[in-house]
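Hi,

Here is the structure I promised to pass on. Have a look at it first, and then read my notes below.

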Amino acid sequence: MSIRSTAPLALALLALLAPLGTAATAADQQGEPPRAPHAGAQAWTGSWSAAPTVPFGAGISAEGFEDRTIRQPLRVSKGGERIRVRLSNVYGSTPLTIDALSVALPRGNGGIRPGSSTTVTFGGSGSVTLAPGTEVTSDPVDFAVRPDMDVIASLYVDEPTGPTTWHRLANRTVYLSEPGDHTEAVTAAPFPATTTSFFFVSGLEVATDGDPGSVVAFGDSLTDGVGSSLDAARSYPSVLARRLGGEVGVLNTGIGANQVINDTEYGSVGALGRFEQDVLTQPGVRDIIWLEGLNDILGAAYFPDEAPTAAEIIDAYGDVIDRAHAHDLRIIGATLPPFRDAAEWTAAGEATRQTLNAWIRDESGFDGILDADAVWQDPADPVRLNPAYASGDGLHPNDAGYRALAEALDLSCLSVGPQVGAHLSEREDCTLS
């Protein structure tokens, strides 16, 4: 069992989209140093992740749970014979005790395959207590998984949890039980309620021979997969994982409404503040795909006095690129897609988007460019989403749009995967035209 600490944020966050200023994360202040990205044999590699987010001031994340079991499906991107599970109380205000955790194979809606449930332990114990601001990784579990399958994690908490560390936009059906420990229930009968958020579980790792590495998809709702089909694993990171043939872990660390610079209640800690936690400490990380910045523009429609300028966002991009390179990681930058039909569109915002995209394409130090703008734009009106890819809100793509973006990535731009290495010394060859 290993525990790392994250300095807890104040829970009294301001109203929806109200900027708070950049907050430091665990490794910035007092946590363990980042795990080596080039571990040797018998390494651990991330296979699934959900970026932790701050609880809201009201609702289920603020209320928390007591004497309840939470059953959550975790879609594995890389297979293996042994796994570990990571739990998070990064944004909790009080100690969190997980009284039982098991993993199992799925069967039907909310059920598990009889005989497949396996207890997960922490330092040999079936329960674990996490201090506020910390995460914990379980003991290794002999539990074989294959790529693109669900692992069902059933987690029981007895005492009140207080406000929860969660992931708001899971786009998965999560089952909430009646009172009691129902981690071993083979059907969904004891789970009368559902939600579409993850709680407390932030990662699943697989043991691997050698170091195949992992790719972290970092971003906002466009990475989280908002607009894609529920329970279908059709976000662009999920499609990319399948393109990579299950050989590489693809970790989705998108957060809906996330901004590059500002922290908000709705979008959680900004990209600058969470980059260490959500990228640099991921096991086996070798490559990053960065798709962030549109919410900094959208937020200006609500709080124009607090909105960062294009120059400030560009400075933030440069900081992230430098931090990635300091850890010997490749980082591929994505341009910002069109959003003319979104309610928050303004001419000033469009001008900022064009400025940022020009810098990303022509001046940035990204190791490759994924031109989401070119992929998703309407050929007849480039400031709008292509109708074939539009989910209906003017901002988020549908399943076809996410698939198109994943398929547009030149896999040889990555330092891991089946086509690795062809262009690693020539950035321009990694630019989608």
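**What I found**

W359 and F366 are both buried (buried means under 20% relative accessible area, exposed over 50%, partly exposed in between, with a 1.4 Å probe and protein chains only). Before I go on, the ground rules: this is a predicted model, where local features need pLDDT of at least 70, side-chain atom pairs count only at pLDDT 80 or more, and totals for chains, interfaces and linings use all residues. Residues are numbered from 1 along each chain as its sequence is written, and side-chain values use heavy atoms, with hydrogens and water left out.

On confidence, the chain averages a pLDDT of 89, and 86% of the residues score at least 70 (pLDDT is the predictor's confidence in each residue, from 0 to 100). Residues 3-41 fall below 50, and this stretch has 113 contacts in the model beyond near neighbours in sequence (contact means heavy atoms within 4.5 Å). Residues 424-428 also stay under 50, with 12 contacts beyond four places in sequence.

Now the overall picture. The chain has 10 helices and 23 strands; these are DSSP runs numbered from the N terminus, helices being H or I of at least four residues and strands E of at least two. Of its 433 residues, 60% count as buried. Among contacts between residues at least 6 apart in sequence, 80% join residues at least 24 apart.

On to the aromatics. Rings of Phe, Tyr and Trp (its six-membered ring) pair if their centres lie within 6.5 Å; planes under 30 degrees apart are stacked, over 60 edge-to-face, and the rest tilted. The count comes to 14 aromatic pairs. One of them is W290 with Y317, edge-to-face at 6.0 Å centre to centre and 85° between the planes. W290 is in strand β19 (residues 285-291) and Y317 in helix α7 (residues 310-326), so this pair ties together parts 27 residues apart in sequence. W290 and Y317 are both buried. The W359 and F366 pair is edge-to-face too, with 6.4 Å between centres and 75° between planes.

There is also an aromatic cluster made of F56, F65, W166, F199, F200 and Y266. R168 lies over the face of Y266, 4.0 Å from the ring centre, and the charged end of R340 sits over the ring of W345, 3.8 Å from its centre. The rule for a charge over a ring is NZ of Lys or CZ of Arg within 6 Å of the ring centre and within 35 degrees of the ring normal.

Which residues have the most contacts inside the largest nonpolar core? They are F275, W290 and Y317, in a core of 64 residues. (A nonpolar core is a set of buried Ala, Val, Leu, Ile, Met, Phe, Trp, Tyr and Cys residues joined through side-chain atoms within 4.5 Å.) Helix α7 gives the most to this core, with eight residues. Apart from it lies another core, of 37 residues, including V128 and W166.

Two helices to look at: in α5 (residues 271-280), 10 of 10 residues are buried. Helix α4 (residues 236-243) has six of its eight residues buried, so it is largely enclosed by the rest of the structure. Its buried residues pack against β17 (214-219), α3 (221-224), β18 (249-254), β19 and α10 (399-408). Just after α4, G245 takes a positive phi of about 70°.

Cheers
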